[in-house]
Amino acid sequence: MSKSNFEVKVGLAEMLKGGVIMDVMNPEQARIAEDAGAVAVMALERIPALIREEGGISRMSDPEMIKDIQKEVSIPVMAKVRIGHFAEAQILEALEVDFIDESEVLTPADEHNHVWKHDFKVPFVCGCRDLGEALRRIGEGASMIRTKGEAGSGNIVEAVRHMRKVTSQIKELTTMGNDALMAQAKELGAPFSLVQQVAKLGKLPVPNFAAGGIATPADASLMMQLGAETVFVGSGIFMSEDPASRANAIVEAVTYYDDPDKLANISHGLKKAMDGIDIAKIPEEERLQERGW
Amino acid sequence: MKIGILALQGDVEKHSHIISDLGLESMFVRYSDELNEVDGLIIPGGESTTLTKLMNKSHFHKPIKKFAEKHPILGTCAGMIMMSKNVNHHLVSPLGIMDIDVDRNAYGRQVHSFVDKLPVRLNGDTKTIAATFIRAPKITNIGKNVEILAEFNNEPCAVKQGQHIALSFHPELNNITLFHKAAFCNKGSLKQRESSYAA
């Protein structure tokens, strides 16, 4: 795989910075997302909150539904594959989706291996809970990293945990010499060359986005202040009482994330946010973030 | 020289690296009155539908047009779309700073994004650079005062009108400084700005 190909893939992730990527289940929702100023939409049959409610196996979305959404909007269209399901990824590439999310939200297809993402022309985003997981995914070819958070929970606490963890681990690396970095690479279970690169850059070598539990403009601001470069909003928009106003507000909140006066204004009159779930009430085996390694 | 980078959405950071490589100071611009503090402006790549939405909300259209009368603007990809006169999408309201018409996503979806060698003619010199096109727009029509700096497959992809430059591709992703240099380090345009301040 040529270096230039990887750069073109990371290039699209660069263009999405400072924006909001919204989960949508049909062309009507995609229309609302694009009109509100989303930088991309994630086409999926059931948003995470519904997957939680309904249970069952969650798979890649129906190609027809993805095509309908591609016809509806002009912004990039992303879609999810099950962890390790490279055949679903091949199909999404044939459909020319703009980004693939190898996602813990769907039921994993392989308990040992993730997709070897360098084989694809389409870029991938993957979730992580810590730096080791982020660097393993980048080693496999991910062009963008996001926190896992706890999808469909409407609860930001896990995304905050994951973002803070990654940030503090990166900071730690920047203080280390090569000898300590090798020991740390072993500890993290991450490729040494990437560990060295992160130590030098003081950040991930690909864009670092936030996902999992974002439900309000304040949540978006929090994640941006913690170092996220863009936010994914899954269930937070279309499980709320007034999706269009909420979508508009979160788009603006990401741009003006550090301006409390503006955020106060933006957060006005949005009607009810989605219901949230206390993470302690989700049994460990039902936590989506536990999927993948 | 302080160069503003419109930081509503997009690949703002990469442009700031190029500006510092040129030894200039950069500043992120998110409020229209911040245009008073800069001598030039970059409109980066991103999504033009998103940029339009945020520019409308923060009332950027008139101030940028006014800024463009005296100061150079460089637009890449979505930035070029915003600088154009006409765009083929109803959700995008371009600024009309340059006399060009543009089609969005004209090279196709992301799997058709690419890097290729591109000869560029600038100030009498021809230089070949690596140009990265990402879901890139195409220039479909140009006015008579617009100079073509580069073509890809016989279609213009880098253009200059007066002190403004617009590009379909992303020099900031390949650490290419020559367009930023041409827009912001040009002695002629610097002189022009000094006299406009005096007036």
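**Figure 1. Helix α6 of chain A and its buried residues.** In this predicted model, the buried members of α6(A) are Leu131(A), Gly132(A), Glu133(A), Ala134(A), Leu135(A), Arg136(A), Arg137(A) and Ile138(A). The helix spans residues 131-139, and with eight of its nine residues buried it is mostly covered. What do the buried residues of α6(A) pack against? Two of the elements are strands, β5 (124-128) and β6 (144-147) of chain A. The others are the helices α7 (157-174), α8 (178-188) and α9 (192-201) of chain A.

**Figure 2. Met182(A) on helix α8 of chain A.** Here we move to one of the helices that the buried residues of α6(A) pack against, α8 (178-188) of chain A. Met182(A) has its place in this helix. Is Met182(A) buried or partly exposed? Its relative accessible area is 46%, so Met182(A) counts as partly exposed, a class that lies between the 20% and 50% limits. For a sense of distance, pick out Leu12(A) as well: Met182(A) and Leu12(A) are 170 residues apart along the chain, and their C-alpha atoms are separated by 32 Å.

Figure 3. Stepping back, chain A contains 13 helices and eight strands. Its C-alpha atoms fill a box of roughly 55 × 45 × 40 Å along the principal axes. Among contacts with a separation of 6 or more in chain A, 66% are between residues 24 or more positions apart. The accessible surface comes to about 11200 Å², and carbon and sulfur atoms hold 50% of that area. Chain A carries 32 positive and 45 negative side chains, with the centres of the two sets 4 Å apart.

**Figure 4. A three-strand open sheet in chain B.** Now over to chain B, where three strands form an open sheet in the order β5-β6-β9, with mixed pairing.

Figure 5. Strands β10(B) and β11(B) make a hairpin with two residues between them. In the turn, Asn153(B) has a positive phi of about 50 degrees. The strands, residues 147-152 and 155-161 of chain B, run antiparallel and are joined by five bridges. Opposite Glu147(B) you will find Lys160(B) in β11(B). Leu149(B), which sits in strand β10 of chain B, is buried, with a relative accessible area of 0%. Beyond its neighbours within four places in sequence, the contacts of Leu149(B) include Ala158(B), Val159(B) and Lys160(B), together with Pro119(B), Val120(B), Arg121(B) and Leu122(B). Ile165(B) and Phe179(B) are also in contact with Leu149(B). Asn123(B) is 26 residues from Leu149(B) in sequence, and their C-alpha atoms lie 9.4 Å apart.

How values were computed
Residues numbered from 1 in each chain as written. Chains lettered and ligands numbered in written order. Predicted model: local features only at pLDDT ≥ 70, side-chain atom pairs only at ≥ 80, totals over all residues. Heavy atoms only, no water. Helix = DSSP H or I, 4+ residues; strand = E, 2+ residues; numbered from the N terminus. Contact = heavy atoms within 4.5 Å. Areas by Shrake-Rupley, 256 points an atom, 1.4 Å probe, with all protein chains shown as cover. Lys, Arg positive; Asp, Glu negative; His and termini not counted. Charge placed at Lys NZ, Arg CZ, Asp CG, Glu CD. Pairing = 2+ DSSP bridges. Buried < 20%, exposed > 50% of the residue type's maximum accessible area, 1.4 Å probe, protein only.
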